[in-house]
Amino acid sequence: MRALKKVSIVILTAIIFMILSGCSNYFDQGKLQKAGMLVETSIHDQPWGKKGYQGLLEIEEEFNVDVFFKEGIQTEQEVNEAVDELVNQGVNLIFGHSSTYGKHFKDISTAYPDVHFVYFNGGQFDEDLTSLNFNSHAMGFFGGMIAARMTETDNVGVVGAFEWQPEIEGFYEGAKYQNQEVEVHLSYVNNWNESQLALEKYEHMQNKNVDVFYPTGDMFSASIIKHASEDDLYAIGYVSDQSEIAENTVLTSTIQHVEKLYVLTAEKFNEGELRGGVLTFDFKDDVISLGKYSPDVPEEFKDKMKEAVEEYKETGLLPNEQESD
């Protein structure tokens, strides 16, 4: 009887050791348990949100983990409550699907030492806070080249969300590189979601003879493309491949493959390799690309664009930089 009790104690000790070891692995190795996402508006109302949700679903499938999302999370209090809820559900990788989450996450990340926070397009970072940034200057440059090639009036226009967007400066440079005579009209909504104001900017540019538009706000890009199609004008798609809206109208799209970054980030976290910091991604990482071309774009120019993109992926130099180097 005494021997049996001794064996039982040994077995129980072994089980406890295994459980404790498992807990240690959970906290020390950063293995992905569950993933969550916060969005400011909805996962359904614009390409950016849809792509984030798609990335979350791909994490669920690839890693066989539960995923959660919270919509309409905008204020500091809402962020705090949403994060607390996700953590209580066992989430240890949280994506904030906007640059605005950077400050909120930095303020609270130390309170959740077993959670890694990720957000997009910002400069805030910490030990367990990572910012994922798209180098969007190049995609704007290539969009500008195509716009300048296809304009018939030598007037192209950007309806931008914010003046600081790197793709806008890139578009200007690309358009001027392709055609020195082109005039680039710039106008800003100063909001990601002001669709009505964006359409007013579009109409104002149309009155200035602009015939190719680059709407750099994912909430209003589709609306402007539809109007351009009705007005027999051209547009460059934004964030997603928007050729399906109007095949001939959309000359190409400057695509940000947000969903790929979700999976890539989850892989790094699951392997214990995700570090706090500001990470930048570009064409060479296959998370930015040009979309389907309009049938109206000449084949020889499509070939030129393909060569230019491949050269940029290999050298990191845009066409204007190669010539001045």
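Predicted model: local features only at pLDDT ≥ 70, side-chain atom pairs only at ≥ 80, totals over all residues.

Next comes strand E1 (residues 35–38), which is covered on both faces. Ala 35 and Met 37 are buried on one side, while Gly 36 and Leu 38 are buried on the other.

Strand E1 has a parallel partner in strand E2 (residues 67–70), with 4 bridges joining the two. Here Leu 38 has Lys 70 of E2 as its bridge partner. Strand E1 also pairs with strand E3 (residues 93–96), again in the parallel sense and over 4 bridges. In that pairing, Phe 95 of E3 stands opposite Met 37.

## Helix H9

Helix H9 (residues 258–270) has 13 residues. From its first C-alpha to its last it reaches 19 Å, close to the 18 Å expected at 1.5 Å a residue. Buried residues in H9 include Val 258, Leu 261, Tyr 262, Thr 265 and Phe 269. H9 is followed by Gly 272, which has a positive phi near 75 degrees.

## Two residues in loops

Is His 97 buried or exposed? This residue sits in the loop between E3 and helix H4 (101–108). His 97 counts as buried because its relative accessible area is 4%, and buried means under 20%. Leaving out residues up to four places away in sequence, His 97 touches several others, among them Met 37, Leu 38, Trp 48, Phe 120, Val 258 and Tyr 262. With Tyr 262 there is also a polar contact of 2.8 Å between the side chains.

Val 297 belongs to the loop between E12 and helix H10 (299–315). With a relative accessibility of 1%, Val 297 is buried. Which residues does Val 297 contact, leaving aside its neighbours within four places in sequence? They are Met 150, Leu 251 and Lys 302. The C-alpha atoms of Val 297 and Thr 252 are separated by 9.0 Å, although these residues are 45 apart along the chain.

## Salt bridges

How many salt bridges does the structure hold? There are 9, and the table gives some of them.

| Salt bridge | N to O distance | Relative accessible area |
|---|---|---|
| Lys 70 and Glu 85 | 3.0 Å | Lys 70: 23%; Glu 85: 35% |
| Lys 106 and Asp 126 | 3.5 Å | Lys 106: 31%; Asp 126: 26% |
| Lys 313 and Asp 286 | 3.3 Å | Lys 313: 28%; Asp 286: 40% |

Lys 70 and Glu 85 meet in a salt bridge through their side chains. This pair links distant parts of the chain, with Lys 70 in strand E2 and Glu 85 in helix H3 (residues 76–88), 15 residues apart.

The side chains of Lys 106 and Asp 126 form another salt bridge. Lys 106 lies in helix H4 and Asp 126 in the loop between strand E4 (116–120) and strand E5 (129–134), so the pair ties together parts 20 residues apart in sequence.

A further salt bridge joins the side chains of Lys 313 and Asp 286. Lys 313 is in helix H10 and Asp 286 in the loop between strand E11 (277–281) and E12, so this link spans 27 residues. Through salt bridges that share partners, Asp 286, Glu 310 and Lys 313 are joined into one network.

Technical notes. Residues numbered from 1 in each chain as written. Heavy atoms only, no water. Buried < 20%, exposed > 50% of the residue type's maximum accessible area, 1.4 Å probe, protein only. Pairing = 2+ DSSP bridges. Expected span 1.5 Å × (residues − 1). Contact = heavy atoms within 4.5 Å. Polar contact = N/O pair within 3.5 Å; in protein donor to acceptor, adjacent residues only side chain to side chain. Salt bridge = Lys/Arg side-chain N within 4 Å of Asp/Glu carboxyl O.
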